[in-house]
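Good morning, everyone, and thank you for making time for this short talk. Please take a look at the structure on the screen before I go through it.

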Amino acid sequence: MPELPEVETMCRGIACFRGESITNTHFPRHTRRPSPIQPRPKIMAAKLQRARIMDVTRLGKRAVLRIRQNEHHMDSFLVFEPRMTGLLLRVSPPTSEHVRLIVTTGRKQPLIFWDRRGLGTITLFNKSTFESRFGSHALGPDALTITGLTLHAKLHSSRRHIKVALLDQKILAGVGNIYASEILYDAKVDPRTRCHRLTRAAYDRLATACSRILHHAIKMEGSSIGDETYRTADNRPGRYQRLHKVYGRSKNECFQCKTSIQRVVQSQRSTFFCPVCQQRY
Ligand SMILES: [Zn+2]
């Protein structure tokens with residue numbers, strides 16, 4: 001599932017569409033599970049026709065295209081949420097039958113949204129709906145810029161397990177299951193620790209680990225793992241999976257202490273950790 005580093009990589013890969021005008025929007029017919037699209041394709045295509053892509057940014061685990069129809073309209077926001085298998089591409093897609101949207105501009109290659117499982121969403125928001133949907137009440141600060149002070153303020157009175165709390169997008173935007181395990185290992189915190197037991201110093205270590213792991217994963221263009229389908233915007237796999245220290249490594253040796261990495265299930269999601277290197281508070 002694309003998390004912050006994968007979506008950031010996709011956004012950088014399609015940043016070349018900044019400033020381009022949309023000449024055509026096509027939702028190909030297919031026999032696959034339909035992607036959730038709002039408003040319906042015909043209306044969205046009409047709203048995007050001849051509009052300009054003003055900016056390409058990331059919002060947590062979503063890619064956002066700021067769209068300007070003309071100078072008399074407020075900008076609107078085309079939001080792609082890849083969920084499990086969604087991809088944004090600027091080259092030919094991995095398969096043709098899972099292409100959900102083709103946006104043609106003045107560039108030679110179109111912008112493509114591809115999704116094998118069809119769980120990813122495509123939504124065009126007007127400015128006020130966008131702001132109310134993604135305001136600070138709904139989405140926490142971005143995980144790339146989180147501080148120990150903020151994490152501590154948000155979590156110090158919570159009794160949840162720290163791993164489960166890190167996945168809550170209202171607390172922290174962008175972290176998912178892979179990077180939560182990696183961040184907790186880097187910060188030497190046991191994922192089963194309840195938030196209210198963590199020290200202020202541990203929150204500082206978590207924030208530092210969050211920034212370090214995510215920046216490194218962006219540099220390596222994200223993680224492509226197992227049967228997952230994550231690819232960069234030019235259809236290459238990411239490389240950070242080779243550097244995972246705990247995720248997907250249960251029963252393998254910890255690189256630091258040689259103890260077996262353990263797997264537990266928390267809120268129906270797998271968590272991987274080293275029971276020796278990671279302290280339970
Ligand atoms: Zn260890």
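**Overall layout and domains**

Let me begin with the secondary structure, which for this protein comes to seven helices and 11 strands, where helices (H or I, at least four residues) and strands (E, at least two) are DSSP runs numbered from the N terminus. This is a predicted model, in which local features need pLDDT of at least 70 and side-chain atom pairs count only at pLDDT 80 or more, while totals for chains, interfaces and linings use all residues. Residues are numbered from 1 along each chain as its sequence is written.

The protein is divided into domain 1 (4–133) and domain 2 (148–273), with bounds that come from an automatic or database domain assignment. The C-alpha centres of domain 1 and domain 2 lie 28 Å apart, and 19 residues of domain 1 are in contact with 21 residues of domain 2, contact being counted when two C-beta atoms, placed from the backbone, lie within 7 Å. On the side of domain 1 that touches domain 2, helix H1 (4–13) and strand S6 (86–89) each supply at least two residues, and H1 gives the most, with seven residues.

Turning to the strands, which pair if DSSP finds at least two bridges between them, S4 (residues 62–68) and S5 (residues 76–81) run antiparallel and are joined by five bridges, with Val 64 standing opposite Val 79 in S5. S5 is also joined by five bridges to S9 (residues 121–125), again antiparallel, and here Leu 78 stands opposite Leu 124 in S9.
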